Amino acid sequence: MIVLIHKTCNGPAVETDTLTAEACALPVEAFPFTCFTCLEEITDESELRFSEEIRM
Ligand SMILES: [Zn+2]
């Protein structure tokens, strides 16, 4: 499972329940959107990093 991490707050930028592996190719038109953790506006992909979360 791929999780989008917001670099500024180091929390998940989107609700992880709605994310699937295919979401790692984030469409550019998704910006800007509001960070799920800190509610700041994310305007660019450079504000995010991808993290692979292993679920048991
Ligand atoms: Zn954030």
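The model is a predicted one, in which local features need pLDDT of at least 70 and side-chain atom pairs count only at pLDDT 80 or more, whereas totals for chains, interfaces and linings use all residues. Residues are numbered from 1 along each chain as its sequence is written.

The protein chain contains zero helices and five strands, where helices (H or I, at least four residues) and strands (E, at least two residues) are taken as DSSP runs and numbered from the N terminus. In sequence order, the elements of the protein chain accordingly read β-β-β-β-β. The protein chain comprises 56 residues, of which 7% are classed as buried; a residue is buried if 20 or more other C-beta atoms, placed from the backbone, lie within 10 Å of its own, exposed if 12 or fewer do, and partly exposed in between. Among contacts between residues at least 6 apart in sequence, 52% link residues at least 24 apart, a contact being defined by C-beta atoms, placed from the backbone, that lie within 7 Å.

An open sheet is formed by three strands in the order S2-S1-S5, with antiparallel pairing; two strands are taken to pair if DSSP finds at least two bridges between them. Strand S2 (11-12) and strand S5 (48-52) lie at the edges of this sheet and have a single partner strand each, so that one side of each is left without a neighbour in the sheet. Strand S1 (residues 2-6) pairs with S2 in the antiparallel sense over two bridges, in which histidine 6 is placed opposite glycine 11 and isoleucine 5 opposite proline 12. The antiparallel pairing of S1 with S5 extends over five bridges, and within it leucine 4 has phenylalanine 50 of S5 as its bridge partner. In general, the strands of a sheet pair through backbone hydrogen bonds, in either a parallel or an antiparallel arrangement.

Most residues other than glycine have a negative phi. Asparagine 10 is exposed, with 11 other C-beta atoms within 10 Å. Leucine 39, which is located in the loop between strand S3 (33-34) and strand S4 (41-42), likewise takes a positive phi, near 65°, and counts as exposed with 8 C-beta neighbours inside 10 Å.

Serine 51, a residue of strand S5, lies 49 residues from isoleucine 2 in sequence but 5.7 Å from isoleucine 2 in space, C-alpha to C-alpha. When residues up to four places away in sequence are not counted, serine 51 touches Val3 and Ile5, and with 12 C-beta neighbours inside 10 Å serine 51 counts as exposed. Apart from neighbours within four places in sequence, glutamate 53 is in contact with Met1 and Val3, and glutamate 53 is exposed, with 11 other C-beta atoms within 10 Å.

Conventions:
Two residues are in contact if their C-beta atoms, placed from the backbone, lie within 7 Å.
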